[in-house]
Amino acid sequence: MLFAGMSMLRPQEVFLVFLSLVPVVFQCPPMCRCSGTSADCSRLELNVDTIPQRFEASVTEIKLNDNKLASIPSGLFDTLTELRSVSLDRNPWICDCDILYLRSWLLKQENRTMYKKLKCSSPAELQGRLILYLTEDEVVSSCQDWYCSLVLICQILLFAFIIIQAILLICVIVFLRRFEAFSKEAIRAPKEDHFRNAM
């Protein structure tokens with residue numbers, strides 16, 4: 001009966017029907033171990049640079065515990081609509097600006113019980129604090145040392161750029177005045193020669 005109905009379909013429609021019957025294969029990120037829709041990336045000494053950059057959209061569980069993660073790359077979990085749990089214990093979390101994405105993601109979770117033990121390893125003033133309960137002001141204040149240095153460097157470079165622009169402007173003005181004097185003299189010289197020749 002199914003195949004009789006298919007004979008009335010166009011070839012493209014038949015292809016799409018067969019394609020929908022093929023099971024989707026879950027692709028496991030490199031280095032991780034997968035079972036079903038669970039990705040186990042624990043105990044691999046992963047850090048921010050070596051963590052998988054993406055997971056399959058159908059993943060339901062990710063294990064990232066017992067690694068060397070200081071933060072989670074921004075947006076890593078955002079497209080994972082089927083994700084139910086992420087194991088993040090026993091990582092050396094650095095609670096600076098880079099932890100803001102993880103903190104924000106944790107706050108959006110309905111069941112936060114498995115995330116209540118995640119603690120900051122550094123900086124010293126936040127060491128031992130629970131990431132889930134950090135305020136944004138506390139995290140941002142730890143970022144301000146390098147941020148203030150960056151702002152100061154930018155201001156110094158901007159000031160140097162303005163001084164260079166002012167020097168260049170003075171040089172252009174001096175050049176234009178000399179050129180004006182030179183052009184007046186060049187115009188006057190042929191008139192004097194013409195006047196002498198006429199006499």
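**A predicted model in questions and answers**

Biologist: How much accessible area do Val172, Phe175, Leu176, Phe179 and Phe182 have together?

Modeller: These five residues form a nonpolar patch on the surface. Patches consist of residues with over 30% relative accessible area and no salt bridge, where nonpolar side chains (Val, Leu, Ile, Met, Phe, Trp, Tyr) are joined within 5 Å and like charges within 9 Å. Areas come from the Shrake-Rupley method with a 1.4 Å probe, and for residues only the protein chains shown count as cover. Together, the accessible area of the five is about 560 Å².

Biologist: Is Leu176 buried, partly exposed or exposed?

Modeller: Leu176 has its place in helix 4 (residues 136-198); helices (H or I, at least four residues) and strands (E, at least two) are DSSP runs, numbered from the N terminus. Buried means under 20% relative accessible area, exposed over 50%, and partly exposed in between (1.4 Å probe, protein chains only). With a relative accessible area of 48%, Leu176 is partly exposed.

Biologist: What pattern does the protein chain follow along the sequence?

Modeller: The protein chain contains four helices and six strands. Of its 199 residues, 27% count as buried. Read along the sequence, the pattern is α-α-β-β-β-β-β-α-β-α.

Biologist: How many salt bridges are there?

Modeller: Side chains of opposite charge can pair when their charged atoms come close. A salt bridge is a side-chain nitrogen of Lys or Arg within 4 Å of a carboxyl oxygen of Asp or Glu. By this rule, the number of salt bridges is seven.

Biologist: What separates Lys184 and Glu180 along helix 4?

Modeller: The side chains of Lys184 and Glu180 meet in a salt bridge (3.9 Å, N to O). Lys184 counts as exposed at 51% relative accessibility, whereas Glu180 is partly exposed at 43%. Because they are four residues apart in helix 4, the separation is about one helical turn.

Biologist: How much space lies in the largest pocket?

Modeller: On a 1 Å grid over the protein atoms alone, a pocket is an open set of points where a 1.4 Å probe fits, with protein on both sides within 12 Å along at least five of seven lines; lining residues have an atom within 4 Å of a point. Grid points are joined across faces, edges and corners, and a volume is the space filled by probe spheres set on the points. For the largest pocket, this space is about 290 Å³.

Biologist: Which of the 13 lining residues are closest to the centre of the largest pocket?

Modeller: 13 residues line the largest pocket. The closest to its centre are Leu83, Trp105, Lys108, Gln109 and Glu110.

Definitions and conventions. Residues are numbered from 1 along each chain as its sequence is written. This is a predicted model: local features need pLDDT of at least 70, side-chain atom pairs count only at pLDDT 80 or more; totals for chains, interfaces and linings use all residues. Side-chain values use heavy atoms; hydrogens and water are left out.
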